[in-house]
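Reader: Could you take me through one part of this model in some detail? I would like the cut-offs along the way, please.

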Amino acid sequence: MQFIPYLNFNGNCAQAMAFYAEVLNGKQGPVMRFGDMPPSPDMPPVPESAKNGVMHTFVQFGDQELMGSDVMPEACGGMVYQAPHGMYISIRVDTVDEGRRIFDAFAQGGKVAMPFDKTFWSPGFGMVTDRFGTPWMLNVFVQA
């Protein structure tokens, strides 16, 4: 079994996933757009304004993935975008330097909930919501 976070965005999925691939040293997968979907009699046509939106993409990190898409337009039976709440994506890293590098990249244009610093359980931990609205926790792993 594998858990794969699937993130929704409000029109900036392509930029967010490219940013995550760069910061987290991942490999960007193919980007499928709403405009690439074949017509279906069960669905209304995709409006011109939404055709460049991301229907699906992913970033590969070794044997792990982070998937994402823009919210499907309401005109196509989609829903109104809602920012993530009640959850964080937790990243465990091996060194304080790596944790700080990632945290600082996510903090640029984002909102820090807890600055990256030493805690009683870790030499480095912090909580931040990046500029794309994704909440993250960075935690430096300590061997027992």
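Author: Happy to! Met114, Phe120 and Trp121 make up a nonpolar surface patch with about 380 Å² of accessible area together. Patch members have over 30% relative accessible area and no salt bridge, like charges being joined within 9 Å and nonpolar side chains (Val, Leu, Ile, Met, Phe, Trp, Tyr) within 5 Å. A salt bridge here is a Lys or Arg side-chain nitrogen within 4 Å of a carboxyl oxygen of Asp or Glu. Areas follow the Shrake-Rupley method with a 1.4 Å probe, and for residues only the protein chains shown count as cover.

A word on the basis: this is a predicted model, where local features need pLDDT of at least 70, side-chain atom pairs count only at pLDDT 80 or more, and totals for chains, interfaces and linings use all residues. Residues are numbered from 1 along each chain as its sequence is written, and side-chain values use heavy atoms, leaving out hydrogens and water.

Trp121 lies in the loop between strand 7 (111-117) and strand 8 (125-129); strands (E, at least two residues) and helices (H or I, at least four) are DSSP runs numbered from the N terminus. Trp121 counts as partly exposed because its relative accessibility is 40%, between buried (under 20%) and exposed (over 50%), with a 1.4 Å probe and protein chains only.

Strand 8, by contrast, has four of its five residues buried. Strand 8 runs antiparallel to strand 7, joined by four bridges; pairing takes at least two DSSP bridges. Met114 stands opposite Met127 in strand 8, and Met127 stands opposite Met137 in strand 9. Strands 8 and 9 are also antiparallel, over five bridges.
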